[in-house]
Amino acid sequence: MGNLFSALGTAGGALKAFQSALDVTQNNVTNSNTPDYAKQTPILDSLSFQPQNGLMGGVTEHTADTRNSFADTAVRQQTSLLGQFQQLQTSLAPLQNVFDVSAASPIPSALNQLFQSFSNWSTSPGDATAQTAVLNAASQVAGAFQQAATQLASIRTSADNDIQSTVTQINQDAKLIQSYNATIAKESSPDPGLEAQLNSALESLSNLANVQVIRGNSNTVTVLLGGQTPLVIGEQMNALQVQPENTAGALNPNGAPNTQILDSSGNDVTAQITSGSLAGLLSVRNNLLPSLAGGADQNGDLNVLAKGLADAVNNLQAQGSTTSTPPFQAGAPLFAYDPTSATDSAATLGVNPSITASQLAPVQTGPPVVSNGNALSLAGLGSTSQINGLNFTQYFGSLVSRVGNAAAAADTQTTAQQSLVAQAQNLRQQLSGVSLDEEAIRLVQLQRSYQAASRIVSVVDQLAQTLLDIQ
């Protein structure tokens, strides 16, 4: 009779093990579409059968987690790079509108009209209409530069806002990860659903910045920005901050400062951010934009172009004369700009408010005196080397090329990176993703095993009842 009860206990244990395995399988099926869920595999182990030692065999179940830390790390790394390139695409788009290659682009169009107006004026130096056309063309040039400078300032402001909102999102994700750590630390056994939520938060954070994730003994995670600066350590979270760079001692102390990212202790960690959307924003904000619009450490090539144009025209005006006979009268400056700020030349470029048409200087005083010689020299500025061996239009074209190449590179890198992210995700799916076919096969196997164990319980029950009836 004792052996029957032992067999009944063994069969009951098997039923419990099979039911647990069925629950795991059902949970996998339920979460097959849950982002970042890693399938759980029920493992059935046979117990030792040694009747002489009181061991009656049977089956026990334990659940194995298929989450692969290497696969998760690969996805996070590729996601971080994708976030960087996609942000570059977004941030460079408005710059392409400012630095347009088309003939209708405001600055090159205005430059062409200015030099054409000089050329037309040179044929009739005393013609009031031609003189007025020069002044109008100069006004259009100034307006085009001011418009470009205003657009760049707006793009810089937008980048600053985007950096602040991205850092805010990083802190929010870090706070969420901290809360998951706190919950996980209290769990007596791993919760695959909670692990999926934690991993999803880690991927969201990786899209924003490059982070390293280290698993602790209690399944909590430590998150390091750039592999160095702690964002989350267990149940502790350290927030990032945004701050303008100190411009004391800079080339242009009053120029727009670069943006720094500080850790919770106030240390500059900007250099640690090498991928993610924050890296893309910082690259445009601290490198490309200052090279174009100027900043604390750079004058900005748009300002170099505006100043170079104004100085070249004004110098020729000063060398020429409004009269063809002595005493010669030097021409008045055609352009004016703020000489005290190298980063505001484009924004403040304008036509000299005191100049009149009669103060345009067409005469080259020589010797010999040429009545339209200076006007021809002004017209020739458009085709002669002025800045770094380039004429003004070519120099603007180099800015267009810089922005265009950066945008093209971002497009190419984004397309390639999307494929790499897909590959990393597919590999992880193969390792830990839920296959409904596999779960269906396991479900059938477990159901049959459960039915067999149930049959054993039924047989043992019948035998026990028969023995009781005999007694």
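Helices here are DSSP runs of H or I with at least four residues, numbered from the N terminus. With that in hand, here are some notes on this predicted model.

1. **A buried tyrosine to start from.** Tyr 395 sits in helix H10. Is Tyr 395 buried or exposed? Buried means under 20% relative accessible area, and Tyr 395 has 5%, so it counts as buried. Setting aside neighbours within four places in sequence, its contacts are Asp 301, Val 304, Leu 305, Ile 387, Asn 388 and Leu 390. Take Leu 305 from that list: it is 90 residues away from Tyr 395 in sequence, yet the two C-alpha atoms are 7.4 Å apart.

2. **The overall outline.** Stepping back, the protein has 11 helices and 12 strands. Its radius of gyration is 38 Å, while the globule rule gives 23 Å for 471 residues, so the protein is more spread out than a compact globule. The box filled by the C-alpha atoms, taken along the principal axes, is roughly 145 × 45 × 30 Å.

3. **A pair of serines to look for.** Ser 454 and Ser 358 are 96 residues apart along the chain, and their C-alpha atoms are separated by 111 Å. Ser 454 belongs to helix H11, which covers residues 436-470. With a relative accessible area of 26%, Ser 454 is partly exposed.

4. How much of the protein counts as buried? The figure is 44% of the 471 residues. The accessible surface comes to about 22,400 Å², and carbon and sulfur atoms account for 51% of it. As for contacts with a separation of 6 or more, 67% of them are between residues 24 or more positions apart.

5. **H3 against H10.** Two packed helices are described by the angle between their axes and the distance between the axes. For helix H3 (residues 106-123) and helix H10 (residues 392-432), the axes come within 10 Å and cross at roughly 175°. Angles over 145 degrees count as roughly antiparallel, and that is why H3 is roughly antiparallel to H10. H3 brings Ile 107, Pro 108, Leu 111, Asn 112 and Phe 115 to the contact, and H10 brings Phe 392, Thr 393 and Phe 396. By type, the residues of this H3 and H10 contact are 6 nonpolar, 2 polar and no charged.

6. **H6 and H7.** Now try helix H6 (residues 277-293) and helix H7 (residues 301-319): which way do they run relative to each other, parallel or antiparallel? Their axes come within 3 Å and cross at roughly 5°. With angles under 35 degrees counting as roughly parallel, H6 is therefore roughly parallel to H7. The contact involves Ser 291, Leu 292 and Ala 293 of H6, plus Asp 301, Leu 302 and Asn 303 of H7. The residues of this H6 and H7 contact divide into 3 nonpolar, 2 polar and 1 charged.

7. **A covered helix.** Helix H9 spans residues 373-380, and its buried residues are Gly 373, Asn 374, Ala 375, Leu 378 and Ala 379. What covers them? H3 and H7 are among the elements that do.

8. **Two cis peptide bonds.** Most residues other than glycine have a negative phi, and most peptide bonds are trans. Here are two cis bonds to check. The bond from Pro 326 to Pro 327 is cis, with omega near -5°. Pro 327 is in the loop between H7 and strand S11 (335-336). The bond joining Gly 366 and Pro 367 is also cis, with omega about 10°. Pro 367 is in the loop between strand S12 (350-351) and H9.

9. **Two asparagines with positive phi.** Asn 219 has phi near 75°, a positive value in a residue other than glycine. Its place is the loop between strand S5 (211-215) and strand S6 (221-225), and at 33% relative accessibility Asn 219 is partly exposed. Asn 388 has a positive phi too, near 55°. That residue is in the loop between H9 and H10 and is exposed, with a relative accessible area of 68%.

Definitions and conventions:
Residues are numbered from 1 along each chain as its sequence is written. This is a predicted model: local features need pLDDT of at least 70, side-chain atom pairs count only at pLDDT 80 or more; totals for chains, interfaces and linings use all residues. Side-chain values use heavy atoms; hydrogens and water are left out. Axes are lines fitted to C-alpha atoms, for helices over the stretch in contact, and angles run from 0 to 180 degrees between N-to-C directions. Angles under 35 degrees count as roughly parallel, over 145 as roughly antiparallel, 65 to 115 as roughly perpendicular and the rest as oblique. Contact means heavy atoms within 4.5 Å. Ala, Val, Leu, Ile, Met, Phe, Trp, Tyr, Cys and Pro count as nonpolar, Asp, Glu, Lys and Arg as charged, and the others, Gly among them, as polar. The radius of gyration is taken over C-alpha atoms; the globule rule is 2.2 Å times the number of residues to the power 0.38. Buried means under 20% relative accessible area, exposed over 50%, partly exposed in between (1.4 Å probe, protein chains only). Accessible areas come from the Shrake-Rupley method with a 1.4 Å probe; for residues, only the protein chains shown count as cover.
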